[in-house]
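Please view the sequence and the structure before reading on.

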Amino acid sequence: VHQKVTACCRLDRRGRKLSDHTIGGDRESLEKFLREVVGRRQPHFALEACGGFEWVYDLLVERFGEERVHLAQPRRIQMIANSSDKNDANDAFWLAYLTSEGRLPEAHLPGRVYRELRIACRERIHAVQARSDVIRRLRSHLRQLGERMPTRVFDTEPGRAFVEEVAARNPGSR
């Protein structure tokens with residue numbers, strides 16, 4: 001699964017390759033593939049846990065059930081990780097083949113609610129770090145101008161007034 005394309009490999013029940021497909025990396029292309037190629041069959045799906053796979057995983061689980069969608073741990077698949085002939089078609093084949101044999105090393109994906117909570121926590125951490133970086137840089141610029149904050153925090157009335165006063169006294173500076 002990539003942003004622009006997704007490589008697929010279909011195997012029969014004995015593990016023999018039936019066909020290779022390359023479909024667009026958007027929802028519409030995937031739904032068309034499921035409608036026209038998969039149809040009413042109830043196959044197993046395997047995808048690597050990488051990049052933007054979550055929406056594909058969610059769509060497949062919604063349509064076919066969690067027991068038919070397998071999420072591979074890419075680093076634990078030696079045929080893919082150590083391959084000298086690495087390309088999407090080969091990766092798709094090995095995912096399909098290992099799934100058909102029941103030997104696919106699977107990754108755990110928490111439920112949607114927990115994924116959303118993780119994303120929210122991660123975004124909050126990044127926002128706090130970005131705010132801290134801005135404050136550190138502002139303090140550094142003030143030190144370079146020979147100024148020192150009269151308060152500990154910037155987001156108070158006296159802190160904002162001080163910064164505005166320094167900016168007015170030093171036109172054209174940072």
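The sections below describe aromatic ring pairs in this predicted model.

## Aromatic pairs

A pair of aromatic rings is described by the distance of the centres and the angle of the planes. The structure contains four aromatic pairs. One of them joins F93 and Y97, whose ring centres are 5.7 Å apart with 20° between the planes. This pair is stacked, because its planes are under 30 degrees apart.

F93 and Y97 both belong to helix α4, which covers residues 88-101. The two are four residues apart in that helix, so about one helical turn separates them.

## The edge-to-face pair

Y97 also pairs with W94. Here the ring centres lie 5.8 Å apart and the planes stand at 90°, so the pair is edge-to-face; the cut-off for that class is over 60 degrees.

W94 and Y97 are three residues apart in helix α4, and this spacing again corresponds to about one helical turn.

## Cluster and accessibility

Through ring pairs, F93, W94 and Y97 are linked into a cluster. Y97 takes part in the stacked pair with F93 and in the edge-to-face pair with W94.

Are these residues buried or exposed? F93 has a relative accessibility of 22% and counts as partly exposed. Y97, with a relative accessible area of 23%, is partly exposed. W94 is partly exposed as well, at 27% relative accessibility. Buried would require a value under 20%.

Conventions. Residues are numbered from 1 along each chain as its sequence is written. This is a predicted model: local features need pLDDT of at least 70, side-chain atom pairs count only at pLDDT 80 or more; totals for chains, interfaces and linings use all residues. Side-chain values use heavy atoms; hydrogens and water are left out. Rings of Phe, Tyr and Trp (its six-membered ring) pair if their centres lie within 6.5 Å; planes under 30 degrees apart count as stacked, over 60 as edge-to-face and the rest as tilted. Buried means under 20% relative accessible area, exposed over 50%, partly exposed in between (1.4 Å probe, protein chains only).
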